[in-house]
Amino acid sequence: MTKPPKILYDCDTGIDDAMTLLYLASLVQAGEAELTAVGTVHGNIDPVTGALNTLRVLEAAGIPVAGAGPDAGGQGVPVAVGAARPMAQDVHYALDWHGTDGLGDTHLPEPAGRPVSEPAPAQIVRLARETPGELTLLATGPLTNLGSALLLDHELPSLIREVVVMGGAFDHPGNITTHAEANIWHDPEAADLVFAADWPIVLVPLDATHPTAVHDDWLDRLAAHETPVARFAASILEFYADAYTPTLKRRGAVIHDALAAMLVVDPELGEYVQRPVRVELRGELTRGTTVWDARSLPADDTRRPVKVAVGSDVAAFQERLLSALLTF
Ligand code: RIB
Ligand code: CA
């Protein structure tokens, strides 16, 4: 039997990041994954609010967090705050999509736990050094923490098992500019550092996530479930679906980040192509766009090819996510 992956989750919590935390919590409770640590980054919201949201979600899901309760310290999942701004541009948040609190304006009470004092990029480096070759980095926000960790430790790529990123758009329009996807556009320099590094990357762009949109039937099945976690998930998705409906032209929501998490544990749910990926850093209209080399080999690009998801088993994704949410 293969060992459950040890996941370090880097996120900008955020509604679909929160759904992903619930999905990861269900895997932890089923013994199918280990959540080694979480780091937060600017993106949907500032990283301190993102860390508090992460703690709120993990606590709601019954996952012990480091720094909570009378014997605060060691045992639970550490949640570290990371970069508050991108490497080379101004910071932007996505409050229209995620609410002024990042969780659909639900304004939940303060969590019991607190973020740890170690910054998220330092946490990545330390944990990679402590468990060489074991850690999977799952990143569903801008890549500033991963880029900073690469700058801190040039040996990092050799210490990581796999990097799984939700981001980018290739044969799909952008969702923040005509061509760019939000996570990459929020910090193009950091994203390009990550794609340039010599480590195995799985990239899950809008091409794969958009077709997984859930609609009324799925949302109604979730809302019909009377547990606190299902009620919380339904309430934040209500806000997200309001934001998504004009784009989808019917009521629904794209839970992008959860697909990336599911492909960590169930890679066979995805369809992939292997291509070197770069980020456009200079274009007036195209800055932050992901560009792949789709020419037939031999490619000019010397970068290690990225495994890019171009589709997935949508029905399986939707059913597995819903079942996970109903296990609490
Ligand atoms: O483009 C989708 C991504 O942007 C998701 O990670 C979402 O949470 C936002 O950060
Ligand atoms: Ca996100």
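Student: Where is G14 found?

Tutor: G14 sits in the loop between β1 (6–11) and α1. Helices are DSSP runs of H or I with at least four residues, strands are E runs of at least two, and both are numbered from the N terminus. Keep in mind that this is a predicted model: local features need pLDDT of at least 70, side-chain atom pairs count only at pLDDT 80 or more, and totals for chains, interfaces and linings use all residues. Residues are numbered from 1 along each chain as its sequence is written, chains are lettered from A and ligands numbered from 1 in the order in which they are written, and side-chain values use heavy atoms, with hydrogens and water left out.

Student: What is the omega of the peptide bond from T13 to G14?

Tutor: Omega is near -5° there, and the bond is cis.

Student: What makes the pair D17 and D257 tie parts together?

Tutor: D17 belongs to helix α1 (residues 15–29) and D257 to helix α12 (residues 256–265), so the pair links parts that are 240 residues apart in sequence. Both D17 and D257 are buried.

Student: Why is T212 called buried?

Tutor: Buried means under 20% relative accessible area, exposed over 50%, and partly exposed in between (1.4 Å probe, protein chains only). T212 has 0%, so buried it is. T212 lies in the loop between α9 (206–209) and β7 (214–215).

Student: What does T212 touch?

Tutor: Leaving aside residues up to four places away in sequence, T212 touches V254, L259, S312, V314, F317 and Q318, where contact means heavy atoms within 4.5 Å. The T212 side chain also reaches the backbone oxygen of T209 at 2.6 Å.

Student: How do you know how α12 is oriented relative to α13?

Tutor: Axes are lines fitted to C-alpha atoms, for helices over the stretch in contact, with angles from 0 to 180 degrees between N-to-C directions. The axes of α12 and helix α13 (residues 314–325) come within 11 Å and cross at roughly 95°. That makes the two roughly perpendicular, a label for 65 to 115 degrees; under 35 is roughly parallel, over 145 roughly antiparallel, and the rest oblique. A258, L259 and M262 of α12 meet F317, R320 and L321 of α13.

Student: Why is E271 called partly exposed, but H107 exposed?

Tutor: E271 has 48% relative accessibility, so it falls in the in-between class. H107 has 54%, so it passes the cut-off for exposed. E271 is part of strand β9 (residues 270–275), and its contacts include V308 and S312.

Student: What is the phi of D105 and of H107?

Tutor: Phi is positive in D105, about 55°, and in H107, about 45°, although neither is a glycine. D105 lies in the loop between α3 (95–98) and α4 (120–130), and H107 is found in the loop between α3 and α4 too.

Methods:
A polar contact is a pair of N or O atoms within 3.5 Å; within protein, one must be able to donate a hydrogen and the other to accept it, and residues adjacent in sequence count only if both atoms are side-chain atoms.
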